[in-house]
Amino acid sequence: MLLPPPERWRLRPTLPGVLLGSLALGLGAAAYNTANNILFIALSVLLSCLLLSAVLAWMNFHGLRWRLCERAALRAGAEATVTAEIRNDKRRLPSYGVWFDLAAAGQSQRAGLRERIDPGECAAIEWRVRPARRGRLRLELAAAGSVFPFGFLRQTVGIGREQEVAVWPAATAYEWSGGAAGWRPQAGEQRAPHGPRGGDLRAVRRYVPGDPPRVVHWKASARARRLLVRDFAAEREEGLLLWLQTSAARWPRAEQFELLCSLAATLAEDLFRTGRLRAMALDGEPVTAARRTEDVEAFLNRLAVIEPAAGVELTEGTYATRHGLMTFAPDGARGVAAYVDGIKTAAA
Amino acid sequence: MWTESKRPRLNLAELHQLRWLLGTLLAALSAWTVPGMGISAWGWLLPLTVAAPVMLWRPEWSTRLPGWAHRMAFPVILALAAADCRLDPSRVLPALVRLTLMLLLYRMVTARQRRDDLQVIVLGLFLVIVAGVLSVSVLFVLQLMAFTACALLLLLILTLADAAGGAAAPPPEWMQAQWIMLARRVRAVANWPVVLFGGGLFMGLVAVSSGVFIFLPRFEFENSLFLNRLVQGKDKTGFSERVQLGDVTDIQSDPGIAFTVDVSDHLQVPARLYWRMLVLDQYVAGGIFRVSHIMDESLRVQSQSRITNLNGTVPMASGAPTWTFYFEPGTSKYLPLPGAFWQIALAEPQEGLRANMELGVVALASPPAKMFAYRLEGLEFEHQAIGELDPGSAISLKNLAPLEKNGEPGNWLQRWVVEIGEATDAKIFASRCSGWLQRAHLYAMQVDNRAADDKPADPILRWLAGTQPGHCEYFAGAFVLLARAAGFPARMVVGFKGGSWNPRSENLVVRNSDAHAWAEIYDATSKTWLRVDPTPGADLFGTDASAMKGEAVLTAITDRKSGVLESLRVIWYRRIVNFDQQSQQQLATVLQQVWEGWGRNLKDWLRGRRDEIRLWLQQPWDWRRFAGGALEIALVLLAARGWRTGRLIWLAQRGGDPVRREAGRWLARLAAQGGVGETVVVRGQLQRLRFGAVVTWPKPAEVFRAARRIRRGARR
């Protein structure tokens, strides 16, 4: 009994396949018209080639396994690599010339295996993705296909394996104009400088993943035979609390709100990288300490999807008692400024 | 992209080198099918043959053709093809073949992209198929197989090259090809399991093609187009309407096969075989016999592929021999007929087919350019004469006047007739005349029959006047002239005599060396034409050897030296070229019989075993029989256990834990069972067996048993 192909499985002729089919049709017509067995032989060979092509195409896919490698996040406007891992689980036969379609943001990209995958081996296929804006991006390994072995038939298999990733706000250039923070970049310097760390050494503590490498106390680590880092007093006492208020009343312009997100994200990363970020807060939510990279990434994930809040605007009194409070406010019609303890520190 | 493979791979340049090699080979291979078509195309074939090794030696030369040459190439090729057609509009196919060769040559000497390689494949396929159709040669299969292998490999390389990065921009680096290095690389890279698998697949392709060929439904439309009409036959030697002294001897010098015959019953092969082809009723001075206009016009055009001899003497009796002829190209346009028959069936409808069943002559429009198959049904060998029965309407009698009765030739003939002696009966005259001829002349292939003043000018009369040896044409020609001079209507017949039996393929083989000429004389008493073979060594009326029949005949004519290739050719004709709806039905019947036979045998065997067991059980029981029975059961159980254990060991040696594999199989089987009750529990246990740590395993046998129980329950 003939069975229909499984759903999302397609076998379609390519242009050479259509030509071959037409050739077989013509040969068949001539063979039946003339009852000439030479033509019947040629027709039989052509039909068998098509059959062989279909069998080999099936075998090529048989035993192939694939997965979209997990990816934490992307950044708007920045090119990133998305990887799929392909494994050939067949015992003896390699697979050749398989391509995969990645659908992202309504666009499809194709990348293929340039070389064979031997039995039991793995290969990776990479796509370059550049998300246009922050948010959640759905990456879908939409389909796999191949014209192996003879290019007569295009075999495609619908995969539909999806993965949703956060797209962090785009990095933005900003101008550091000085301020109350312990860290003092030169006036007019753009982006976060990597200046000396302020404050005295308070203690030496154990390394926590996310600690910058430069704070590792190598001598103490060597003596203690474990990784120790220097704990500066300024880190605890002078670090900044980045507080982002997303009130729609404050940010009525969409592009200004996007710039706010970009500036907040950029500052959060820069400050954390230089050890100046103590914590982060979003509107009235609890403060999140910025101890590890994951803390900052979680904050950036929030920034990826945040929208102007329609609720009552919170005043700075919420965290007013805190020292080193970084807040944001519109800077003119288009710009955004960051203030530390009410002093304008950065502008974008 | 990255892979973790450790085996070497061919890089893109090497793939392109292979592509170039295969494309060139494919073009050369397909071009060399043209000589088999009988089409004159050496002007393109030779450059193409030279270009193939040159372009393999220096592939980079393919990029040196200037741009204007590329632009001009196709217009020039088309102009040449148009001129070719214009020169001889009736020969379209040769022009088409030469056009194909031109295109192949162009593609061979220029850098090819993917579409150009595809074009080479299509053009090559066209040539191979046309060659096969025109030549019907067994070589076609070899050519087609070689072509298919090369073409599939080329397509595979194209696919891999495309996947690896596509076409390289000219002038590419890959053109600096070093074939020996490439061969080493291919050998190093070759994955032998895959190569063997590919070889197996190709054999599978051949097998599937054979199956498709056999089982493709056949319909008889009786409507031929065909390529043969587009190409005129080659200038063939062989029997024609005009036979001059020495023509038959010339044919005899060719040892090639004239035709082969499949016989329906080899025991019915007669001892004396005369394959009658052409009746020459008019003698032209100078030793030339020819078909008269009257006789030629008596051949009526036939539009059917099956001609029934409605006026014939031979009704289609059951068990009457049916012989299938495979007539080689170029032998003649007249078909050899070994006796009277009821019906002739042609493999293909023939335009311009003419036949006179009363005369016993069937003629094609022209000598076939390829093997021509036909079948004679209801053959009758006992009748000596095939020709017309009614002398009143006998066309031959009107044109059988003696040669210049009153002139010098007539005088010579009358003198010899007197020497032979008067006779009123044709048989008696034939016997006396043959004896007279054979007493005066011996048989020889070489005849010295130079003109002399004291001898007649006509070569046959001159030969009669002397005592030189002669060959069949002299004897038959002289007999005809003497019989006519004596008042008996006579005519010359040409064709073949005898043949050999090929024991390998079990068929008759008649070679050109069996060509022969004999005579027919009209017997007014029986009102039939009698065959008379006056050549020394021949049986005059073909009757004395009739005592030899059946196997003795075959033993006498068996040719043990028949080559394998000859047998192969006959099998090719029999099983492939002549395969038709009837053959398909016969094959289906045979397969059905074989299948039914197997079924019957199996049923009988089972019934026999059942009876044996029943008999065994009915015998009186004692302790020995008990013990024997128990031992046998124990042995069976032990064997089953051993098989199971061996299988598990084998599975373990193959890699992977057999329990995990078995659990995986059961998980797959239970995948569609839904998720309630015991199924969920068992599935969980199976998953633990499949993926979990060994220490956490439940008892595998119990889990598998439970899975089996669930599956059985689901089936109910």
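Analyst: Helices here are DSSP runs of H or I with at least four residues, strands are runs of E with at least two, and both are numbered from the N terminus. Axes are lines fitted to C-alpha atoms, for helices over the stretch in contact, with angles running from 0 to 180 degrees between N-to-C directions. This is a predicted model, in which local features need pLDDT of at least 70 and side-chain atom pairs count only at pLDDT 80 or more, while totals for chains, interfaces and linings use all residues. Residues are numbered from 1 along each chain as its sequence is written, with chains lettered from A and ligands numbered from 1 in the order in which they are written.

The part I'd zoom in on is a helix pair: α20 (residues 658-669) and α21 (residues 677-691) of chain B, whose axes come within 8 Å and cross at roughly 145°. That crossing is left-handed, meaning the near helix is turned anticlockwise from the far one by less than a right angle (clockwise would be right-handed). From α20(B), the contact draws on B:Val659, B:Arg660, B:Ala663, B:Gly664, B:Trp666 and B:Leu667, while α21(B) supplies B:Arg683, B:Leu686, B:Gln687, B:Leu689 and B:Arg690. Contact here means C-beta atoms, placed from the backbone, within 7 Å. By type, the contact residues split into 6 nonpolar, 2 polar and 3 charged; Ala, Val, Leu, Ile, Met, Phe, Trp, Tyr, Cys and Pro count as nonpolar, Asp, Glu, Lys and Arg as charged, and the others, Gly among them, as polar.

Now for the cores. A nonpolar core is a set of buried Ala, Val, Leu, Ile, Met, Phe, Trp, Tyr and Cys residues joined through C-beta atoms within 7 Å. Buried means 20 or more other C-beta atoms within 10 Å of a residue's own, exposed means 12 or fewer, and partly exposed is in between, with C-beta atoms placed from the backbone. The largest core holds 246 residues, and those touching the most other members are A:Leu242, A:Ala264, A:Ala268, B:Leu48, B:Leu101, B:Phe479 and B:Leu482. Helix α6 (residues 139-164) of chain B gives this core its largest share, 16 residues.

For the complex, the predictor gives an ipTM of 0.71 and a pTM of 0.63.

Stepping back, chain B comes to 22 helices and 18 strands, and 38% of its 716 residues count as buried. Its mean pLDDT (the predictor's confidence in each residue, from 0 to 100) is 81, and 86% of its residues reach 70 or more. The value stays under 50 over residues 310-314 of chain B, and likewise over residues 389-396 of chain B. Where pLDDT is low, the predicted coordinates should not be read in detail.

Notes. Two residues are in contact if their C-beta atoms, placed from the backbone, lie within 7 Å.
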